Amino acid sequence: MSDSHAVEHDFHLVDPSPWPLVCSIGAFTMMFGLVMLFHFDVSWVAILGGAIVVYGAYSWWGDVIEEGEHQGHHTPIVQLGLRYGMFLFIISEVMFFVAWFWAYFNASVTSVEQYEVGKMVSDIHAAWPPAGVETLDPWHLPLVNTLILLTSGCTVTWAHHALVEGDRSTVIRMLTFTVLLGLSFSGIQAYEYVHASFGFADGIYSSTFYMATGFHGAHVIIGTIFLFVNLMRAVRGHFKPNHHFGFEAAAWYWHFVDVVWLVLFFCIYIGGAGTVAGH
């Protein structure tokens, strides 16, 4: 008797899952909580929403790993679809950062100061960064972080080549280095923020600076977690030389983070350098 449940195609028809609904509820709760935090200084709703999102994502992606690693649903056709999905996600992230760069450059180009000349008001293009803003020295901590991210891009690529060659010990070692470099970047950026001479609400320069670099920092943290999960999977022997899309997705994301930082470094830190704090 033939098996009526045998898979006769290369596509994966996923089972009903509660996790998309759980993550949606968590995301709504978190955003509603952030509004309450900003306006009423109430933080527990945002924390609850964030916890729901983390739990839902952990469970959802755990199911995806189970489907690919143990249930055999990630056929070459399914892997191709996953690659297209990750590519489109990164494109959406590119457009996300385009918005913050646009805001920064728009402010730098259209920044004006008004001066009264008799009874007339004259608009004169103001200096950028605005007068009184002491910017961060691009050749100090920002340069260190640039070298850290470039090095991490090398180590994650090294890990990928080792994975293709079946060298598991090198994969684990290089991924460990990459995770540590990501943590180092976040620690240095936090130190930089604490010691900056301007705050988020001190003007258009500081607002656009923190939005662009801050969201990049958030992506570094997410990417570090992404790589750490892959490190744990590598330790458990999940990846094979010809089947490791989870690792590839993390590496793509990390290279995207590297490229965004290079644009930030050259356009905002160097291109927007004015009077450097402490000089």
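A nonpolar core is here a set of buried Ala, Val, Leu, Ile, Met, Phe, Trp, Tyr and Cys residues joined through side-chain atoms within 4.5 Å, where buried means under 20% relative accessible area, exposed means over 50%, and partly exposed lies in between (1.4 Å probe, protein chains only). The model is a predicted one, in which local features need pLDDT of at least 70 and side-chain atom pairs count only at pLDDT 80 or more, while totals for chains, interfaces and linings use all residues. Residues are numbered from 1 along each chain as its sequence is written, and side-chain values use heavy atoms, with hydrogens and water left out.

**Overall architecture**

The chain has 7 helices and 4 strands, these elements being DSSP runs numbered from the N terminus (H or I with at least four residues for helices, E with at least two for strands). Read along the sequence, they follow the pattern α-α-α-β-β-β-α-α-α-α-β. Of the 279 residues in the chain, 37% are buried. Contact is taken as heavy atoms within 4.5 Å, and among the contacts between residues at least 6 apart in sequence, 73% join residues at least 24 apart. The chain exposes about 16500 Å², of which carbon and sulfur atoms supply 70%; accessible areas come from the Shrake-Rupley method with a 1.4 Å probe, and for residues only the protein chains shown count as cover.

**The nonpolar core**

The largest nonpolar core has 49 residues, and those with the most contacts inside it are L175, F209 and F247. Helix 3 (76–110), helix 4 (141–165), helix 5 (168–194), helix 6 (204–235) and helix 7 (245–270) each supply at least two residues of this core, and helix 7 gives the most, with 15 residues. Leaving aside neighbours within four places in sequence, F209 is in contact with L136, Y193, F198, G214, I268 and Y269.

**Helix spans and buried residues**

The expected span of a helix is 1.5 Å times one less than its number of residues, and the table sets that value beside the separation of the end C-alpha atoms.

| Helix | Residues | Expected span | End C-alpha separation |
|---|---|---|---|
| Helix 5 | 27 residues | 39 Å | 39 Å |

In helix 3, the buried residues are V78, Q79, M86, I90, E93, F97, F101, Y104, A107 and S108. Those of helix 5 are T170, V171, M174, L175, T178, V179, L181, G182, F185, I188, Q189 and E192, and what covers them includes helix 4, helix 6 and helix 7. An α-helix has 3.6 residues a turn, so residues three or four places apart point the same way.

**Individual sites**

G223, placed in helix 6, is buried, with a relative accessible area of 3%. Not counting residues up to four places away in sequence, G223 touches Y253 and W254, and the C-alpha atoms of G223 and W254, which are 31 residues apart along the chain, are separated by 6.0 Å. T157, in helix 4, counts as partly exposed at 31% relative accessibility; the C-alpha atoms of T157 and W252, 95 residues apart along the chain, are separated by 9.8 Å.

H238 lies in the loop between helix 6 and helix 7 and is buried, with a relative accessible area of 13%. Not counting residues up to four places away in sequence, H238 touches I65, E69 and R233. D41, found in the loop between helix 1 (19–40) and helix 2 (44–69), is exposed, with a relative accessible area of 65%, and D41 has a positive phi of about 60° although it is not a glycine.

**Cysteines**

A search of the whole structure finds 0 disulfides, a disulfide being a pair of cysteine sulfur atoms within 2.5 Å. C23 is buried, with a relative accessible area of 13%, whereas C267 is partly exposed, with a relative accessible area of 28%.
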